[in-house]
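Please look at the sequence and structure first.

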Amino acid sequence: MRRSKLMALTAGVSLLLAGCGGGADTGSGTGENALPGVDQYLNAPCPEAGVKPATDKEFTYWAMWTADEPQGKVLQKAFKCFQEKTGVKVNVQWLGRKAYTQNLVPALNTDAVPDLFDQDVSKVGAAIMTPGGTQGLDDVFAMKVGEGDKTVRDVLSKSSYDFPQNKDKTGQNFMVPYTVQSSAWWYNKGSAGDVQQPKTMDDLLALFDKAKADGKAAISQDGDIPFYNMYFFTQLAERYVGAGGLNKAATDKTGQAWKTEPGFLKAATETAKLPKYFIDGWDAAKFPQVQQRWADGDSRYLYVGTWAPSETREYLDKQGAGTKIDYGSFQFPMPAGATHDTVEQMSIGFAVTKKAKHAEAAKAFIAYFLNKDILSGIPAVADNLVPRADLAVPDDLKQVKAALDDPKKEHVLQYDGIDGIAGGKWQTDVFDPADTALLKGQLTPEQFVDQLAAKGAEFWKNQG
């Protein structure tokens, strides 16, 4: 999911976007795996708006979804209701995941920008906010959502928006979230049983060994998606260095932080134990082939984001064989010597462009979308988590939600935000080559850390 200096990264980015929270732009699901409550939500009456624009009668929105995706269906309901209750028309362009790189970034220096757009906070920050393309949205947090006196700030969980990577140069929040994602190890309870949370890395490897003993590949891994490959080292490293530790090392101009912090070598050593469990062909297939092999039962475990149930359910529906998965999940255990019990989260939300002609209406729509009767479509239709604690949690995601809500856990932005450094270029130039080589056994853990240090220093030197 990332940027450029900017257009140069588009080819690599397109692979990343394939798996992001709705995957390969699939439909809402109408077969054996259709979610209950979809029709009820789509046909429910519209709630009243808490804010009605005084002057704007329309605004333009560039969506990261397509119209036939579950999220697209929820948004269409929101557009209809917003116009019904405020008289404001939403002019939407369904541009998909690549909208921010292929459409919005090139438009920033023109007047042909939307009023509203959406993406995850790391990509918005790296590609749009950093060059000055967004405006602060602190005023939106004070807007009423149409539930009495409740405001946006009242209904949102603070952890979904109040973190450093969501602050612009003036200290304002530049994105308002409507979806919260995390990641986990996924398995099918129907074939694997009810797997207990492993307490140690040895416990985790024992699960993989049992899968192989049962005649299954242990792990499905779509190796052509860099940020899927990124999960393993970053998850483990975060448990050694805590929130901000990876980001601090990645932005160290000398590169030496990778070598002076022993947790990075320890995390690399643990990461190097995993690839022998990857399914055959993991580094040669094209997404989502390997993920689909997990859905078909060829492997026992899959590590991806909270979009896994939605994506694999859609795939199984299209297969038409009546196959269903009883989704279970668990978190990475704490590796030996680690002291930070972390859980990752990524907020996806709305941002308003600096040059917006109809910012008033765009901001009013953001507040309206967070009304419980509108936002409830994200779990009900799109099978995703939301940043409101009072809405339903999909059954598939309850174990992940429990981890996110655990007060003992330390929250970390997904990948500690290193995917957004230097417009995403640090990841593609420094991290991805070393990470791929580590997973393929082409670098030892020591060589991996040395390469991050050397290439990191070279990268920052070339940045000037």
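The charged end of Lys77 sits over the ring of Tyr41, at 4.5 Å from the ring centre; such a charge is NZ of Lys or CZ of Arg within 6 Å of the ring centre and within 35 degrees of the ring normal. Lys253 lies over the face of Trp460, 4.4 Å from the centre of the ring. This is a predicted model, in which local features need pLDDT of at least 70 and side-chain atom pairs count only at pLDDT 80 or more, while totals for chains, interfaces and linings use all residues. Residues are numbered from 1 along each chain as its sequence is written, and side-chain values use heavy atoms, leaving out hydrogens and water.

**Aromatic pairs**

- A search of the whole structure finds 44 aromatic pairs; rings of Phe, Tyr and Trp (its six-membered ring) pair if their centres lie within 6.5 Å, and planes under 30 degrees apart count as stacked, over 60 as edge-to-face and the rest as tilted.
- Tyr231 and Tyr415 form a tilted pair, because their ring centres are 5.5 Å apart and their planes are at 45°.
- Tyr231 is in helix α9 and Tyr415 in the loop between β10 (410-413) and α19 (425-439), 184 residues apart.
- Tyr231 is buried, with a relative accessible area of 0%; buried means under 20%, exposed over 50% and partly exposed in between (1.4 Å probe, protein chains only).
- Trp258 and Trp426 are stacked, because their ring centres are 6.1 Å apart and their planes are at 10°.
- Both Trp258 and Trp426 are buried.

**Disulfide**

- The search of the whole structure finds 1 disulfide, defined as a pair of cysteine sulfur atoms within 2.5 Å.
- This disulfide joins Cys46 to Cys81, with an S to S distance of 2.0 Å.
- The torsion about its S-S bond is about -70°, so the disulfide is left-handed.
- Cys46 is buried at 13% relative accessible area, and Cys81 is buried at 0%.

Terms used:
Helices (H or I, at least four residues) and strands (E, at least two) are DSSP runs, numbered from the N terminus.
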